[in-house]
Amino acid sequence: MAEGLEDLARTDNCGSLRETDIGRTVTLMGWAANRRDLGGVIFIDLRDREGIVQVVARPEASAEAHRAAERVRLEYVLAVVGDVVARDEETLNLDLKTGKIEILARELHVLSEARTPPFPIEDELVTSEDVRLKYRYLDLRRPRLQRNLRLRHQVCLETRRFMDEQGFIEIETPFLTKSTPEGARDYLVPSRIHNGCFYALPQSPQLFKQLLMMAGFDRYFQIVRCFRDEDLRADRQPEFTQIDIESSFTRPDAIFDLVERLFARVFSVAGVEIERPFPRLSYAEALARYGTDKPDLRFDMPIADVTEEMAALGLLTFPDLIAAGARARAVVLEAASAPSGMRLRKINEDVWLKRIVADARLERRNLFTLRATEEALTNLANKGANVAVARRLLDAAGALKDDVVMLAVDRPAPLAVGMGMLRLAMGSELKLIEESARRFLWVVDFPLFEYDPSEKRNVSLHHPFTAPLDEDIPRLESEPEKVRAKAYDVVLNGSEVGGGSIRIHDAALQARIFRILALSDEEARERFGFFLDALQYGAPPHGGIALGLDRTVMILAGETSIRDVIAFPKTASAVDLMSGSPSTVREEQLRELDLLVVER
């Protein structure tokens with residue numbers, strides 16, 4: 001039979017008691033994490049969000065408390081009144097912060113009974129994620145997830161403190177807004193009052209934060225929930241949280257400085273120091289050196305262009321491929337960690353051909369490998385290669401004696417992606433990644449547009465309100481593919497954790513951008529009329545950034561999935577296994593909205 005609290009009031013948390021509390025009488029409340037009956041003396045590990053403390057129920061100390069302890073099972077909710085006493089020397093548990101004391105129970109009350117959990121409430125858990133998510137309220141009792149969510153709280157709290165100190169005002173923007181699709185799909189919300197009309201849940205507060213700059217608030221921020229109806233990955237959710245920032249009369253350097261100081265501040269809550277200033281790479285440099293616009297700088301291994309050397313090496317097929325527009329790119333595996341010839345062949349078969357070739361949409365061609373030894377050069381000469389050119393190739397790739405060069409020849413764009421994937425695979429394979437490091441990077445000078453072959457038009461690489469570099473504005477109509485943006489991403493350990501730009505504040509320039517995006521004046525006004533009107537009333541130069549809170553906390557906590565730093569996440573298929581959403585709704589609800597569900 002469960003009991004109520006009545007006149008009981010908790011005096012302390014389980015994990016907060018120490019040797020200095022010996023002699024005190026305390027009232028604790030929590031869950032039974034473990035129970036042991038040793039010849040009539042019952043030990044219960046009592047757990048709350050602050051930790052675990054051992055409770056001892058002895059019949060000679062309190063027969064009533066001992067009788068209550070006999071019926072306790074795992075995850076029962078208990079209230080314990082008892083004395084803090086020192087543990088015997090032989091029973092000390094130095095792995096626990098409370099391991100030098102225990103609670104001698106005077107009273108023990110069962111506040112709630114519990115069924116046997118479907119998995120143990122412990123950090124080292126071998127259980128499918130689907131089971132964990134179905135019983136998320138139990139999963140969240142685990143100390144690891146409690147630490148993660150507390151860290152998330154601390155990051156949010158420190159962010160608010162820092163932004164307030166910098167003169168930023170937190171302003172809430174609407175969740176029910178207008179659908180202005182340009183990129184990911186919107187989540188739509190039907191209006192009951194306005195038949196046939198829909199709100200959209202915001203993918204970002206982008207237009208509202210720009211309007212706040214036009215309203216004269218000067219410095220805005222918000223820790224805001226956003227929604228995108230897109231295909232999911234381990235680091236994406238249909239609803240996510242970002243730290244949204246916008247500032248008037250600013251330049252990229254000022255935003256970089258602000259964000260770097262913000263990251264230094266929030267990372268300090270976990271005792272992590274980060275190096276400032278963050279290095280910067282242009283988008284073109286990042287692709288050339290690392291094969292991605294979000295390179296992981298926790299290990300070296302840059303990608304080298306060896307096209308000229310492969311064209312002149314003297315081996316068949318390569319010159320013709322390069323003459324037809326292919327490029328040759330290489331990475332170097334240092335001698336100390338370079339795999340054997342047999343392992344290199346397996347990497348070619350299992351990593352390159354079976355995975356990377358398909359993912360990067362490459363032609364199905366083998367990797368070419370060359371070890372920087374005289375024996376390997378001799379073997380190459382026997383196949384008709386020019387040894388002098390081979391030596392130049394090793395130099396161009398940056399290979400030293402006994403290093404191994406791995407290279408591929410293919411179309412430039414997919415080759416860059418494929419070599420970036422190979423670099424990451426080799427960094428992991430050879431254990432080159434400094435797991436405890438936090439390496440930040442700014443990627444700048446993105447293209448303003450990219451061509452979408454399915455729509456047969458240019459689309460914005462970021463969003464249509466991003467300003468072009470001043471020197472590239474004359475090329476907008478004549479060479480739009482060469483126009484660079486005043487856009488920037490901040491990258492941490494190979495993950496994009498933020499992106500932003502300087503915005504367009506000139507109405508005429510914004511109209512030009514819309515026309516390049518194949519939006520007619522009528523369509524632009526239908527979608528963005530309120531915003532275009534606002535540009536006519538004195539818009540200050542402004543810019544900002546959105547930082548991914550979920551992804552940042554994931555990396556800071558040392559997790560590999562953002563689901564482990566979100567209280568109630570969705571699965572990779574956007575399903576909440578615990579509540580059973582999304583779900584069907586009653587017919588009368590659909591009728592109220594004049595909606596008809598069509599089966600597909």
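Reply: Arg71, with a relative accessibility of 30%, counts as partly exposed, a class lying between buried (under 20% relative accessible area) and exposed (over 50%), computed with a 1.4 Å probe on protein chains only. The model is predicted, and local features need a pLDDT of at least 70, side-chain atom pairs count only at pLDDT 80 or more, while totals for chains, interfaces and linings use all residues. Residues are numbered from 1 along each chain as its sequence is written, and side-chain values use heavy atoms, leaving out hydrogens and water.

The partner of Arg71 is Glu113, and the closest N and O atoms of this salt bridge are 2.8 Å apart; the term means a side-chain nitrogen of Lys or Arg within 4 Å of a carboxyl oxygen of Asp or Glu. The two residues, 42 apart, link distant parts of the chain: Arg71 sits in the loop between helix H1 (63-70) and strand S4 (77-86), and Glu113 in the loop between strand S5 (101-112) and helix H2 (129-134). These elements are DSSP runs numbered from the N terminus, helices (H or I) having at least four residues and strands (E) at least two. Glu113 is partly exposed as well, at 43%.

The structure holds 58 salt bridges, and another of them joins Asp305 to Arg327 at 2.8 Å, N to O. Because Asp305 belongs to strand S12 (residues 304-305) and Arg327 to strand S13 (residues 327-333), the pair ties together parts 22 residues apart in sequence. Asp305 is partly exposed at 33%, and Arg327 is partly exposed at 32%.

Both of those strands are among the elements that the buried residues of helix H12 pack against, a list that also includes strand S14 (368-371) and helix H11 (374-382); contact here means heavy atoms within 4.5 Å. In H12 (residues 387-397), the buried residues are Val389, Ala390, Leu393, Leu394 and Ala397. They lie on the same side of H12, because they cover an arc of only 145° around the axis, taken from the directions from the helix axis to the C-beta atoms. At the start of H12, a side-chain oxygen of Asn386 comes to within 3.0 Å of the backbone nitrogen of Ala388, and after the helix comes Gly398, whose phi is positive, near 85°.

Conventions:
Polar contact = N/O pair within 3.5 Å; in protein donor to acceptor, adjacent residues only side chain to side chain.
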